[in-house]
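Please look over the sequence and the model, then read on.

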Amino acid sequence: MAAESENGSCNAWAARDPSGILSPYKFNRRAMQNSDIATKVIYCRVCYADVGWTRNMLNDSKYPLVPGHEIAGVVTQVGADVKGFKVGDHAGVGTYVNSCRDCENCNSSLENHCPKGVYTFNGIDTHGTVTMEGYSTHIVVHETMTYYDRKKST
């Protein structure tokens, strides 16, 4: 899958029903916001959670479902307010892609404990879109949910 425009078409692998079978899927990513980072996905680990949600084992899967929450890639675009990343940096994204950024946990740099945290896939983002992440060509994530690999970046 070749990388596409960070704000336009995104190629992915998606489950369309509880069979869990993945097939090619194309969708539009949400637009970049000032605090977002766009990352070209280079690697995405396979986790049993991916299997569980693609097969609707928890009875809450939203289809089409693009799994993948252990993501490594290269930053391709940064929002105007992003301070800790630049284009070309190596970055990672874990289980969450967004949070309220206003609760006690978020204000203590513990966004992963935010009661309004948004899962990397099969969640509803603050923008109202269903999250579809790692098994795709690129992702758009708030900078607080992106991790910097100082060993790989220059």
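Over residues 36-145, what share of the chain is helix and what share is strand, and how far apart are the end C-alpha atoms? The chain there is 10% helix and 28% strand, and the end C-alpha atoms are 9 Å apart; helices (H or I, at least four residues) and strands (E, at least two) are DSSP runs numbered from the N terminus. For these residues, UniProt lists "domain: Alcohol dehydrogenase-like N-terminal" in an unreviewed entry, and such annotations may be inferred rather than shown by experiment.

This is a predicted model, in which local features need pLDDT of at least 70 and side-chain atom pairs count only at pLDDT 80 or more, while totals for chains, interfaces and linings use all residues. Residues are numbered from 1 along each chain as its sequence is written, and side-chain values use heavy atoms, with hydrogens and water left out.

**Strand β8**
- Strand β8 (residues 138-142) is largely enclosed by the rest of the structure, because 5 of its 5 residues are buried (buried is under 20% relative accessible area, exposed over 50%, partly exposed in between, with a 1.4 Å probe and protein chains only).
- In a regular strand, side chains alternate between the two faces of the sheet.
- On one side of β8 the buried residues are H138, V140 and H142, and on the other I139 and V141.
- β8 pairs with strand β3 (residues 36-44) in the antiparallel sense over 5 bridges, where pairing requires at least two DSSP bridges.
- In this pairing, I37 is opposite V141.

**Salt bridges**
- The structure holds 5 salt bridges, each a side-chain nitrogen of Lys or Arg within 4 Å of a carboxyl oxygen of Asp or Glu.
- One of them joins E133 and R29, with the closest N and O atoms 3.7 Å apart.
- This pair links the loop between β7 and β8, which holds E133, to the loop between β2 (22-28) and β3, which holds R29, 104 residues apart.
- E133 is buried at 4% relative accessible area, and R29 is buried at 9%.
- Another joins R30 and D125, at 3.4 Å between the closest N and O atoms.
- R30 lies in the loop between β2 and β3 and D125 in the loop between β7 and β8, so this pair ties together parts 95 residues apart in sequence.
- R45 and E70 form a salt bridge at 2.6 Å; R45 is exposed at 51%, whereas E70 is partly exposed at 28%.

**A polar contact**
- The side chains of S136 and R29 are joined by a polar contact of 3.0 Å.
- S136 is buried, at 7% relative accessibility.

Methods:
Polar contact = N/O pair within 3.5 Å; in protein donor to acceptor, adjacent residues only side chain to side chain.
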